[in-house]
Amino acid sequence: MVPQDKRALIRGLLIAAAMLLAALLAPVVRGDIRTDAPQPQRNLPADTETLAGYCFHFDGVTYNDDGTSTWTYTVQDCGATRRLQRWALEIATYHSVVSSNPPASVGWVPALSLYGIYWNVDIRPGDPPQTFTFTLSEQYPPVVVQVAARVPPDEAIGSLDGPCCPGETPTPTPTPTHTPTPTPTPTPTNAPPSVNALGIYEPNRVNPATAMDPQAEYAVRVSVSDPDGLASLQWVRVVVFLDADGDDDAGDVPASGDAQTAAIFTWTNGPTPSWSMDAGSPTTWALVTANCAQPNLAGTSGTWWFHFRPGKVAAESTDWDAWAQARDGGAAHASLYDGSDYDMNWYGEVTVNTPSVNWGVVLLGSDYSANPKTGISVTYIANGPYQQQVRTSNPWGSAPRWIALNESGTPGPGQFSLKANSTNNLPGAQVVRSSAYATIGAGTRTPEGGSAIATNTLWLRLGSSGIPDTTYVGTIFYRIAP
């Protein structure tokens, strides 16, 4: 790498000298270009921007024989103290990216506030330099554009050489001239849309929601405008998601759905506009398409309503957010983040898979250890921590013969007692009562299909007398509780 004072001197010479002299000096400036690889033809000398302790180098542009242009950049540690998560280079919406290495994405980068080509990376202090290239379908001269970097939790924006606007034909071998060449001004061919309002409402579309219950219906309001008309939009998209770190950062918006943490709803324009959802699979999230609505596309602004029901295991939390994005036919994007910290309330349900148990013949005065019934299967579904609980009816039997429950666990004449546990472990079992539920286990947020506990066990104890010989029937209740 050329020292900064020498580099500044060379740039000064280049400004004053002829463009031909610039072309001759360029290989001297970039001493790290290998002589055994094709060297890019340059219109400007290599440029560098330092953001958050990382140096971003413009290594040059190669104008290929097929009419494409390949742009090369190097990123390296220049005193960084935190990892680089993403970096982006501004390009125009009409630039067509043919390829990139490593693979990159193109579009609006919400957290970095620019439209461009961007790489999601994991570069850390001390890592070796990394090279990034991308190829455009046409050839453009370099001009100064924006470069941005995300080093969580911060973003930084600077300037770096990048591709200019269409209509300019680059000259690989410039002719000498002392006349400065003005920087061309891009002429946009498409006005980008704007997302102007975003929020989650009760299904009446009037009252803003502050909390959501899984499986209850809500509506997301998205207001969009586009100077070219709403009919020019390709799609409008909403992401309702768990903001796990609570930083309201658009860089955390997930790209795919998950039954526990995110649902993505999309309206797609077309002869028959369609509504779709990605919430992972399997999922109990639902997009209530019958209640969704779009505006009149003949106008330049309007409101979309996405009606939905959160899934059963949408994580219990006090920080769910929403993010909306609109894209038009020119591939221009706009987005808006709603960091309202919506609550997702607790949800739980239980299914007893074992329909009945039968102790058969039980001896009077027999203790718990003599009368176990294990292998009782119960499935719990919950979006947060939960308790497994049990109780029983009282008394058991049928007229005229009944047997009463002793809730202390030590039955007397004409009485019985029960103990229960989620495992076949009598020492840890709890006495079952009829007046209240006993907690026999606990769990955390389950998958969409729930967590089946097949080791539930009951133990029966009888009093030593006063129990006529007959069949006694009762009901045992399993419950899930927060």
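Of the chain's 482 residues, 45% count as buried. The model is a predicted one. Its secondary structure comes to two helices and 30 strands. The accessible surface of the chain is about 22100 Å². Carbon and sulfur atoms account for 51% of that surface.

Sequence separation comes next. Take the contacts between residues at least 6 apart in sequence: 70% of them join residues at least 24 apart.

Pro273 sits in the loop between strand E15 (262-268) and strand E16 (274-278). Its relative accessibility is 26%. Buried means under 20% and exposed means over 50%, so Pro273, at 26%, counts as partly exposed. Leaving aside residues up to four places away in sequence, Pro273 touches Trp267, Thr268 and Gln294.

Asp245, Asp247, Asp248 and Asp341 form a negative surface patch. One of these residues, Asp245, lies in the loop between strand E14 (233-242) and strand E15 (262-268). How exposed is Asp245? Its relative accessible area is 49%, so Asp245 counts as partly exposed. The cut-off for exposed is over 50%. Patch membership asks for over 30% relative accessible area and no salt bridge. Asp245, at 49%, is one of the residues that form the negative patch.

The loop of Asp245 runs between E14 and E15, and the loop of Pro273 runs between E15 and E16.

Methods
Residues numbered from 1 in each chain as written. Predicted model: local features only at pLDDT ≥ 70, side-chain atom pairs only at ≥ 80, totals over all residues. Heavy atoms only, no water. Patch = residues over 30% accessible without salt bridge, like charges linked within 9 Å, V, L, I, M, F, W, Y side chains within 5 Å. Areas by Shrake-Rupley, 256 points an atom, 1.4 Å probe, with all protein chains shown as cover. Salt bridge = Lys/Arg side-chain N within 4 Å of Asp/Glu carboxyl O. Lys, Arg positive; Asp, Glu negative; His and termini not counted. Charge placed at Lys NZ, Arg CZ, Asp CG, Glu CD. Helix = DSSP H or I, 4+ residues; strand = E, 2+ residues; numbered from the N terminus. Buried < 20%, exposed > 50% of the residue type's maximum accessible area, 1.4 Å probe, protein only. Contact = heavy atoms within 4.5 Å.
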